[in-house]
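Reader: Hi! Could you walk me through this one, a bit at a time?
Author: Happy to, let's look at it together.

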Amino acid sequence: MSITPKSQVLHTAELVSYQEGSVVSRQITKAEAGNVTLFAFDANQGLSEHTAPYDALVHILEGEAEVTISGKPFQLKMGDAIIMPANEPHALKAIQKFKMLLTMIRA
């Protein structure tokens, strides 16, 4: 997994491609304080319920997703964002194929 070079304009949604039946990720930047990762989910793909020790911001770049936090589902589409709180169970599923930017800050 390569880190994206700094000091250049990024066309974010173009940095990760859909793959049939898969979830694809690409780390954009990583530091001790946190990281930023792009994801592309094919239709009906997802991440099963899990927890993380830090808050994470999900920003939908294209498509539509269902984000479930502590059992409550949220429908997000292009341009929407949601914060998944630290230590709360969450899951993501593609309603239609979608791309997202995930920003995790360690605090």
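Reader: How many aromatic pairs does the structure hold?
Author: The structure holds 2 aromatic pairs. For Phe, Tyr and Trp (its six-membered ring), rings pair if their centres lie within 6.5 Å; planes under 30 degrees apart count as stacked, over 60 as edge-to-face and the rest as tilted. The rings of Phe39 and Phe41 have centres 5.9 Å apart and planes at 35°, so this pair is tilted. For Phe41 and Phe98 the centres are 4.4 Å apart and the planes at 10°, so that pair is stacked.

Reader: Thanks! Before I go on, what kind of model is this?
Author: This is a predicted model, in which local features need pLDDT of at least 70 and side-chain atom pairs count only at pLDDT 80 or more, while totals for chains, interfaces and linings use all residues. Residues are numbered from 1 along each chain as its sequence is written, and side-chain values use heavy atoms, with hydrogens and water left out.

Reader: Nice. How many bridges join β2 to β7?
Author: There are 8 bridges joining β2 to β7, and the strands run antiparallel. Two strands pair if DSSP finds at least two bridges between them. Phe41 stands opposite Phe98 in β7.

Reader: Which residues does Asn35 touch?
Author: Leaving out residues up to four places away in sequence, Asn35 touches Gln27, Thr29, Lys30, Leu102, Thr103, Met104 and Arg106. Contact means heavy atoms within 4.5 Å. Asn35 is found in strand β2 and is buried, with a relative accessible area of 11%.

Reader: What about β3 and β4, how do they pair with β7?
Author: Strand β3 (residues 46–50) pairs with β7 in the antiparallel sense over 3 bridges, and Gly46 stands opposite Lys93 there. Strand β4 (residues 56–69) is also antiparallel to β7, over 12 bridges, with Thr68 opposite Ala91.

Reader: Which strand does β4 form a hairpin with?
Author: β4 forms a hairpin with β5, with 2 residues between them, and Ser70 in the turn has a positive phi of about 50°. β4 and strand β5 (residues 72–77) run antiparallel and are joined by 6 bridges. The bridge partner of Glu64 in β5 is Lys77.

Reader: Switching to charges: how many salt bridges are there?
Author: The count comes to 2 salt bridges, each defined by a side-chain nitrogen of Lys or Arg within 4 Å of a carboxyl oxygen of Asp or Glu. Glu62 forms one with Lys99, where the closest N and O atoms are 3.9 Å apart. That pair links distant parts of the chain, with Glu62 in strand β4 and Lys99 in strand β7, 37 residues apart. Asp80 forms a salt bridge with Lys77, again with the closest N and O atoms 3.9 Å apart.

Reader: Is Lys99 buried or exposed, and what does its charged end sit over?
Author: Lys99 is buried, with a relative accessible area of 8%, while Glu62 counts as partly exposed at 25% relative accessibility. The charged end of Lys99 sits over the ring of Tyr18, 4.9 Å from its centre. For that, NZ of Lys or CZ of Arg must be within 6 Å of the ring centre and within 35 degrees of the ring normal.

Technical notes:
Helix = DSSP H or I, 4+ residues; strand = E, 2+ residues; numbered from the N terminus. Buried < 20%, exposed > 50% of the residue type's maximum accessible area, 1.4 Å probe, protein only.
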